[in-house]
Each structure stands twice: as structure tokens, then as C-alpha cells.
Protein chains: 2
Amino acid sequence: MSRILLIEDDHAVRVGLATALGRYGHDVVATATGEEGLRRHAQDAAELVVLDLMLPGIDGFEVCRRIRAAGTVPIVMLTARGDDIDVVSGLEAGADDYVVKPVEPRVVDARIRAVLRRAAPAAPGRTSAWGDLVIDRAAMTVTRAGRPVAMTPTELRLLLELSASPGQVLSRQQLLRTVWEHSYLGDSRLVDNGVQRLRAKIETDPSSPVYIQTVRGFGYRFGPV
Amino acid sequence: MSRILLIEDDHAVRVGLATALGRYGHDVVATATGEEGLRRHAQDAAELVVLDLMLPGIDGFEVCRRIRAAGTVPIVMLTARGDDIDVVSGLEAGADDYVVKPVEPRVVDARIRAVLRRAAPAAPGRTSAWGDLVIDRAAMTVTRAGRPVAMTPTELRLLLELSASPGQVLSRQQLLRTVWEHSYLGDSRLVDNGVQRLRAKIETDPSSPVYIQTVRGFGYRFGPV
DNA sequence: CCGTTCTGCGACACGGTTGCGACACGGCGA
DNA sequence: TCGCCGTGTCGCAACCGTGTCGCAGAACGG
């Protein structure tokens, strides 16, 4: 069901839990130390981490914090029986749930499913990608080749408007109305200027634009070539 | 990282994208037709579906609708270049995101991660952790670097509201409605002020905030850029 | 090939938006 | 009743965004 990283130093527990979770349909990678676990996680992040607190070397809290710092992967902790100090500290370190030892694979599996279920839904916003240009309408961010592009409000509105009708020519008047909310009828260099500023940010070579094409006499058209 | 179902009839694209996504750490199941994809999805639901629009037999729209009807799995669509009809219809059929062909594996991977990241948190789980900031929704407590942060009711509501939609921009109006339960339409500095007070408590350096970003002209955004 | 029109682009100053400190009001507890 | 804490409001200052202007160069038509 899910790719799980298990970090547990006790050999018997590690092997037993790993095989059991495997039988429950999970894809388990098991490591014996925090260092090894962090390394594995860094190169191929799991969807959920099952983490023992008592570890040689880097202890569970530290591992937890580091994984938390790196992303939002859910973490299920394994703690010694009834040790509520562990529990509190664990939750503070960013664990999502904990299971008290001795572990019952069935219980761990139930917790894992519960945590994953909790983490599952929520409505994602809508983003779009054009070539290496990514527009995230929910976060109001634009990235090019993986790098974030700082956008001003007007530039962003203009880009959103253009990209909402890809391949279609939008006249200056249309853009003026929708982006600037002006109802000018006379000519204005506003749109030209806006497009120029936008190009300067998203085009590799503004003199031969890839994303925003000039259609002489009519307006502008968005669309990767 | 995640179990992904890829539905794409073009052999070259399918194989290329599948192997590339595999290298990026995803667990890819690839099918050539909508029927096959739906069958696979029914017997073992993926965490995310990458779906081509142009398919023989059942087309992408229909597949999209059926997957949507069956659950809340995020869907990333692959559409022909600049075909805005595709894009609009795709979003209407329930796609969360779309990428314009020709596809760049890196871009598709980025989109997948973005969609999953957005889909992941926000659930009303007990605690959520962002860097060294831990928000416990059950206990209504906030700790930073292990130390409890004293919060006033309004500040806490604001923080909960913002952190409930991480990575998403929330407008002042939205926040005014949800946090203050006002239905102002005129402008008000209430939200600005609330954010400022909140930042003073949770940000190390309020002048360069880490958790709550100002998105000029749009509102505020919680979480990673 | 030349002239006209349209567009790209840099410069600059104005205005809006935001951050931030200060203050006043009101509710709750002592 | 008094005092404190939380919160709404106001005003100021700074910064950033943006509208405007002018010129040069490209594109297009004759």
C-alpha cells in the first residue's frame, strides 16, 4: 500500500515488524540506525516513517526533527511502555502518532493506515505547467525550471489571464479590462509595458519570447511553442 | 515516493515518462488504455493518477470523471499543446492539475510533488509540524523549538486557519470572514495587524518571516514557498 | 526601398500597500 | 471598583509597484 521507512535498532523487532508490515501490503525499507534512516530518506523519501525512540547514535527525537525539517512525511513513533515523557517529547518533535512497545504489528498497521488516511484528503488547488513554466494558482507562485519567480500582483494577474486562454489572442482592451479593470477606450501603453515586464521575468530571451507572443495589430497570445 | 498510475496510449511517452518518474522515486504503474487504467485503479488505488486526455476507447474526460466518482485521488492531466478547450474541460471533469505536452518528466514530477504536498497536510490530525513550529489542534497549543508559545484566541484562530491551507494564499477578506467572522467589504487593517502580532510571536525575525508570507496584492500564505 | 505604424524598452516619479508603533475601549477577574 | 489583557483603530513612514513618457528599432504596406 505505501512506502514505509522503518528505523529500529533491535534486530528481532525490525525484522519481525518489517515482514509483518510487508504482509499487510506495505512496501517496507528497514534500517537499524538513525543515520542510515536519514540517508535513505534523503535519497528516496518514504510516505511514512516508523521510528523507534531509543536508537544508538542519533536518537529518535533528533531523527524526527530532521525528517520534519525536510518535509511533511507522517511519523509514527515507537516508545517504551507508558513512558509519557517520551510521548510528549515525541509529539513535540513532530511525530503524528505513537505506538507503545511491545509492538503488535497489527496495531502498528492500524496506526499507519489511520495516519495516512488523516493525511490523505484536502482539496488541492489548481496548477498548470507549460514547458518548464509552472503556475500555481492556489499558492500564487510561478516557477521556471524549478526556480521560483518573484512576481508582482499585476504581472501575476496578467500571466493568469493570459494562461487562462492558452493559444488565444487577447486584445489590449480585453487585458486592460480584465487585468487592470480599466475601461479605457483610447490607446495606452499599459499592456505593452506589463507584457514587457512579465517577459523579462519568465522568458529566457525576451527578444524572442517563447511563452507570450506578440500578434501585431491584435494583441498577445500565451502558449509555449 | 508515491504510487502513481499513468494512463497514456502513446508507447514512447508512456515508457519514457514511467521510467523517468521511477527514477524520481515514484512507484509507477503504466497502462495504455482507460479501461485498463480504471481496472487497475479499482483493484489497487494509486495515490495519484497521471492521465492523458487523448485515449482510444474511453477518453480521458470520462476516465477522469469515473476516478473522481470513485474517490478523491488527485489527478494530473496531460493535454495537447495550447488546446484550451482541453484544459477547461479537464479541470471541469475534476483534474487537479494539468501539464501541456510535450511533457518534461521533471515538470511532471514537480507537479506531482506539488499536488501531493498540497493534498497531504491540512487534515484535522492532532498535530502538525512545520520546521520547528508544532501546532497541536487538540490541545490548542503551539510550540516553537520545543518551547510553548503563549497565544491569544484570535492569534490562534488565525494561525489555525492559515496552517489549515499550507502553501495557499488566503485573501484578507477570506481571513476576515473565517477568523473574525466579519463580512466587511471595505478595507480594514485588522488582518494586517493580526498577522503582525502573530509574526511577533512565532517568527524569529518578523521582518523576514519564515512561516507567514505576505503576497502583495493578494493576501497571506502560510508555509513553505 | 522608404515611410508609417506599432512595439520594445529604459528611466523616473507618483501613489498605494504594508509594516509597525501607539492608543483607546471593553470585558473579565481580583 | 480597579486593573489588566486582548483587540480594534489610527496614523505615520518606507518601500515597492506601476503609470507615464520618450526614443529607438522592427515590422509592415505601398
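Buried here means under 20% relative accessible area, with over 50% called exposed and partly exposed in between (1.4 Å probe, protein chains only). The model you are looking at is predicted, so local features need pLDDT of at least 70, side-chain atom pairs count only at pLDDT 80 or more, and totals for chains, interfaces and linings use all residues. Residues are numbered from 1 along each chain as its sequence is written, and side-chain values use heavy atoms, with hydrogens and water left out.

Let's start with helix 7 of chain B, where Leu175(B), Leu176(B), Val179(B) and Trp180(B) are buried. These residues lie on the same side of the helix, because they cover an arc of only 105 degrees around its axis; the arc is that of the directions from the helix axis to the C-beta atoms. Helices (H or I, at least four residues) and strands (E, at least two) are DSSP runs, numbered from the N terminus. Contact means heavy atoms within 4.5 Å.

| Element of chain B | Residues |
|---|---|
| Helix 6 | 153-164 |
| Strand 10 | 169-170 |
| Strand 12 | 219-222 |

Helix 8 of chain B is also among these partners. The axes of helix 7 (residues 172-180) and helix 8 (residues 190-202) come within 9 Å and cross at roughly 75 degrees. The two helices are therefore roughly perpendicular to each other, a label for angles of 65 to 115 degrees. On the helix 7 side, Arg172(B), Leu175(B), Leu176(B) and Trp180(B) meet Leu190(B), Val191(B), Asp192(B) and Gly194(B) of helix 8.

After helix 7 comes Glu181(B), whose phi is positive, near 60 degrees.

Notes
Chains are lettered from A and ligands numbered from 1 in the order in which they are written. Axes are lines fitted to C-alpha atoms, for helices over the stretch in contact, and angles run from 0 to 180 degrees between N-to-C directions. Angles under 35 degrees count as roughly parallel, over 145 as roughly antiparallel, 65 to 115 as roughly perpendicular and the rest as oblique.
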